[in-house]
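Please look at the structure below and follow its chain from one end to the other.

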Amino acid sequence: MTVKIERVVSVRVKAMRSELALSQSQLAKKTGLTPAAISMIEKGDRDIAISTAKKLAEALGVSIDYLAGAVIYPDTEMCLRIELTKLKQRMLEIGDLAKAH
């Protein structure tokens, strides 16, 4: 079975955007693309030029190889940033719960 590169990129862009807690609009702003273009990329409905892949990779802090599926994991620094973002978000949630009580 052949997997189209657009499908791999679409899954990875959406996953990394979610991990970074970015909306499609925020990612669009970081890349210079439109929110509609980001949506089409995430659905796999748009061919992706190398220049677009580069913009996405830079905005998400990963390599083009990662977006294209050539490597399994984003770089170590990216993993640490994702975990730090999750930790900060969880600490804010705990703080909000403590204030509510």
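A nonpolar core is a set of buried Ala, Val, Leu, Ile, Met, Phe, Trp, Tyr and Cys residues joined through side-chain atoms within 4.5 Å, where buried means under 20% relative accessible area, exposed over 50% and partly exposed in between, with a 1.4 Å probe and protein chains only. This is a predicted model, in which local features need pLDDT of at least 70 and side-chain atom pairs count only at pLDDT 80 or more, while totals for chains, interfaces and linings use all residues. Residues are numbered from 1 along each chain as its sequence is written, and side-chain values use heavy atoms, with hydrogens and water left out.

The chain has six helices and zero strands, both being DSSP runs numbered from the N terminus (helices H or I, at least four residues; strands E, at least two). In the largest nonpolar core, which has 19 residues, those touching the most other members are Val13, Leu27, Leu56, Leu60, Val62 and Leu67. At least two residues of this core come from each of helix 1 (5-19), helix 2 (24-31), helix 3 (35-43), helix 4 (50-60) and helix 5 (64-68), and helix 4 gives the largest share, four residues. Leaving aside residues up to four places away in sequence, Leu67 touches Val8, Val9, Arg12, Val13, Ala53, Leu56, Ala57, Leu60 and Val62, a contact meaning heavy atoms within 4.5 Å.

Buried residues make up 31% of the 101 residues in the chain. Met91, by contrast, lies in helix 6 (residues 76-100) and is exposed, with a relative accessible area of 53%.
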